[in-house]
Every structure is written in C-alpha cells, then in structure tokens.
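Keep it brief, and give the cut-offs behind each term.

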Amino acid sequence: MKKSVVSKEYQKLQKDIIELQEQWKTSLDPDCVRPNLDKAAMEAGVPVTALAAIDFDISLFLQWIEDIGGLLSKYQPEIETSMQSIKNLLDEETAKRWIDEAFAFNYIYFASFAEENDLDGWIPQFVAETVLRPYLQLTAAKVQDEIHHGVHGAGCPVCGEPVRLAQLEGEGKKVLHCPRCSAHWNDRRVACSHCGNNDHETVKILAIEGESAAQIQICEECQGYTKVIDTRQYIVKPTPAMLDLNTIHLDFVAQEHGYKSAGETKQTN
C-alpha cells in the first residue's frame, strides 16, 4: 500500500473523531434505536435507517456538537469562532432539522445554512454528519446479523451511503464495507457493486502501480468504481472509515479516469 496522501495531522484528527464517536455511542440507550426489518422494503433497496424508529436525544446531540467543536478547534484554532456561532444558532428545532437533513444527504441545505450564517461551507455538513453517525452505527450493529447482501444501486443497506469500499477477506471473498455506519455485506467478486453488471468484459480492474494490497474495480456500463482492498495483508485492520480515508488517492485516480463513486442509472424505455 502506498503511503496515504492524507496528512498525518488529519489522520490523527479522524482517529480522535472516531474515538469520540465510540464514547458517544456508549452513552446511548440501546433501546433508542428500534429497527424495522421489513424484508420487502430491504429487497427494494430501502435502507434500514429509513424505517427504524430512532429516539434522538436533542440535548445529547447539542452536547456532541459542542464536543466536536472543541476537538476541531484544537486542530484548527481559526474555526473556533465558527463553532461558537453554530452553538448559538442551534436551538432544538434547528438541531432536529440538522438530523433530518443529514439523514437525507441534503448537501444543499447545509451549504445554504453555511452561506446564510457566514460559515465555512464544509463545517455544518461535517459536524451534522459526525454527530449523526453513532446512531447509524448503533442501528447497523443491531441488524448486522440480518444483512447479507445489498441491492445494487441502492448503496449501503443500512444507511444508504453510496458504495465505494470493498475488502477481500477469507479465501478472497469480496465484502463491501460502509465507512459511515460500519455495516458490511457480501458481493460477487466479479460484479459492479453499483449496477450489478457481472460481465467480465466490462467489469475490469484498474491496477495502480506500486500497490500490492489495493486496486480499483471499474464498470464500463455505469462508469462506477469501487476501491477493493486486500486487508488480509494488514497486520492491524483499520476501521472502514480510516481505510476509506487512507485510500482516498484511489478515488482521485478513478475520478481522473472518468469513473464515479456512484454509478450512473441506466434509463430504460
């Protein structure tokens, strides 16, 4: 594996964030998440979190935002003022809106919120997503035993995150991993994880010079790609979030070649 293009400082920040999220998760009542494993909905590609009953503790949510603000400011003191502004802006109703919009991947809402409140564009979305993840991860942990496969094109079967990361495990089995909620599920080795195309003529490997444990699986049908990492070569297996971060150079390579992290949906007449 090539050396990560991500700075050591940013890697350290992400590790600290993951540790903080683990602490937050332990403070949650396990019963605050009640999944509804509707088999028909799951087969249709509806993520489990869309149907789960989740009791969000808004006071805890706001405290977590304050916690992440303190951590971010430690690494980037210049955003301390922005984090204080967010703390002042987030009443209960706005916090609930943040939860809803983070769930829905509504980047436009967060970009507008940032612009309207003179904040750096990335901050609201990043903060909202960071504090939402313990709930998503708790949901995934509760249903993991029932998650064996996903619906191609629907993203993660638990949270809906677009697929972009697979690991080779055991005898070479291809297992998709979600960096967002940490769910994992099986996929065919020679198959596009976006559109399901399994034609070996159009599902190919984009080899990366100098990489022994990583490759990019590309699909000429939907122009999607998936990073495939052979973690059997790792002494210590990183979390999906850290593995995704440390292989971001593979995303750059795939995108430079015209491939997308979410394949294009083919229109039918």
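Contact means heavy atoms within 4.5 Å. Helices are DSSP runs (H or I, at least four residues), numbered from the N terminus.

The model is predicted: local features need pLDDT of at least 70, side-chain atom pairs count only at pLDDT 80 or more, and totals for chains, interfaces and linings use all residues. Residues are numbered from 1 along each chain as its sequence is written, and side-chain values use heavy atoms, without hydrogens and water.

Helix 4 has 18 residues, which should span 26 Å at 1.5 Å a residue; its end C-alpha atoms are 26 Å apart, so the two agree. The expected span is 1.5 Å times one less than the number of residues.

Exposed means over 50% relative accessible area.

| Helix 5 side | Residues |
|---|---|
| Buried | Ser-82, Met-83, Ile-86 |
| Exposed | Glu-80, Thr-81, Asn-88 |

The buried residues of helix 5 fall within an arc of 100° seen down its axis, so they line one face. The arc is taken from the directions from the helix axis to the C-beta atoms. These buried residues pack against helix 4, helix 6 and helix 8.

Arg-133 lies in helix 8, residues 123-143. Arg-133 is buried, at 18% relative accessible area. Leaving out residues up to four places away in sequence, Arg-133 touches Gln-21, Pro-179 and Arg-180.

Key. Helix = DSSP H or I, 4+ residues; strand = E, 2+ residues; numbered from the N terminus. Buried < 20%, exposed > 50% of the residue type's maximum accessible area, 1.4 Å probe, protein only.
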